[in-house]
Amino acid sequence: QASVGANPRPPPPASWAEYHQRPAPPPGVGNATGAASASSSQERGGVASSSSSPHVLAGGLSVAEGTFKARAITALSDRLRSELDVLRAQSGEEAERLLTLQAELARRREDIERSLREMRAERGAWEHRIGGMQAATVALEEWLSENEGKVSENEGKVSGVGGVEGGEEGAEGVERRETDIADTAFRPEDPLSEQILEEMAKDLALEDAMDCLDEALNAKKIELEPYLELIRELSKEQFFARATTMVARKEQRERGVSQGVTF
């Protein structure tokens with residue numbers, strides 16, 4: 001009671017208007033906690049607490065400064081995020097372009113390697129052909145060296161025969177001499193080869209004869225009936241010549257002759 005009488009508590013206000021019109025109580029009256037906090041503040045140097053003012057935020061910033069700082073941080077964050085999105089999109093496009101370029105380079109590499117393999121194979125084939133041609137050239141030179149003397153001897157014999165016959169040689173004599181030279185140069189090694197050469201020559205001669213008959217018929221130098229009779233006879237002889245050639249060639253193959261005159 002003594003304490004209550006010494007510091008009487010005022011009654012609560014009836015309205016806000018009455019609260020604002022009431023004079024402020026003297027320091028330390030009616031609020032022991034306020035007095036204790038005021039005395040503690042005075043003891044710490046008389047500096048008022050920042051939280052006691054409604055216009056001051058934590059850190060000593062005002063409401064306007066805090067709002068500006070928050071908006072600036074938000075704007076910078078948005079700008080940084082947009083720039084990061086742009087950089088991410090550019091990086092994705094660049095990575096896609098580089099992957100496409102890598103695939104194209106890999107495809108070109110495969111094409112170059114395939115072309116290189118083909119060129120190497122072609123080079124090997126050409127080298128093989130060159131080797132075969134060189135071997136054939138050597139064989140031909142050896143054959144020429146062996147048969148050159150025979151041809152010279154045959155020419156001397158034919159010219160001697162022609163000198164004996166006198167001036168009756170003419171064109172037929174020259175043709176006969178050339179034929180003898182060819183026969184001497186290409187002598188068959190066995191009877192089968194000789195038979196094949198004769199039958200092939202006969203076949204070609206009959207073919208030329210039938211061509212001449214065709215030209216004569218077209219020029220109306222021969223009648224149709226004798227033309228047919230001659231063609232029938234020549235065709236029969238040509239058939240037998242070809243059949244004989246085929247039989248002789250078959251017998252050569254059975255004897256193991258892999259090369260020779262082919263029909």
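Start by selecting Arg-129 and Trp-126: Arg-129 lies over the face of Trp-126, at 4.9 Å from the ring centre. A charge counts as over a ring when NZ of Lys or CZ of Arg is within 6 Å of the ring centre and within 35 degrees of the ring normal.

A word on what is on your screen. This is a predicted model, in which local features need pLDDT of at least 70 and side-chain atom pairs count only at pLDDT 80 or more, while totals for chains, interfaces and linings use all residues. Residues are numbered from 1 along each chain as its sequence is written, and side-chain values use heavy atoms, with hydrogens and water left out.

Helices here are DSSP runs (H or I, at least four residues), numbered from the N terminus. The side chains of Arg-97 and Glu-94 meet in a salt bridge of 2.5 Å, N to O. The term asks for a side-chain nitrogen of Lys or Arg within 4 Å of a carboxyl oxygen of Asp or Glu; the structure holds eleven such bridges. Arg-97 is partly exposed, with a relative accessible area of 45%, and Glu-94 is partly exposed at 37%. On this scale buried means under 20% relative accessible area, exposed over 50%, and partly exposed in between (1.4 Å probe, protein chains only).

Next, select Arg-108 and Glu-104, four residues apart in helix 4. Their side chains form a salt bridge at 3.2 Å, N to O. Arg-108 has a relative accessible area of 47%, and Glu-104 has 27% relative accessibility.

Salt bridges that share partners join Glu-104, Arg-107, Arg-108, Asp-111 and Arg-114 into one network.

Which residues make up the largest nonpolar core? Select Leu-206, Met-210, Leu-213, Ala-216, Ile-222, Tyr-227, Ile-231 and Leu-234, eight residues in total. A nonpolar core is a set of buried Ala, Val, Leu, Ile, Met, Phe, Trp, Tyr and Cys residues joined through side-chain atoms within 4.5 Å. Helix 6 (191–218) and helix 7 each supply at least two residues of this core, and the largest share, four residues, comes from helix 6. Zoom in on Ala-216: leaving aside its neighbours within four places in sequence, Ala-216 is in contact (heavy atoms within 4.5 Å) with Lys-221 and Ile-222.

**Along helix 7**

Stay with helix 7 (residues 224–254), which is also the place of Glu-233. Glu-233 is partly exposed, with a relative accessible area of 45%. The buried residues of helix 7 include Gln-238, Thr-245 and Arg-249, and helix 6 is part of what covers the buried residues. Further on, show Gly-256, which follows helix 7 and has a positive phi, near 95°.

For the last stop, display Phe-239 and Phe-240. A search of the whole structure finds one aromatic pair; the ring centres of Phe-239 and Phe-240 are 5.7 Å apart and their planes at 65°, so the pair is edge-to-face. Rings of Phe, Tyr and Trp (its six-membered ring) pair if their centres lie within 6.5 Å, with planes under 30 degrees apart counted as stacked, over 60 as edge-to-face and the rest as tilted. Phe-239 is exposed, at 56% relative accessible area.
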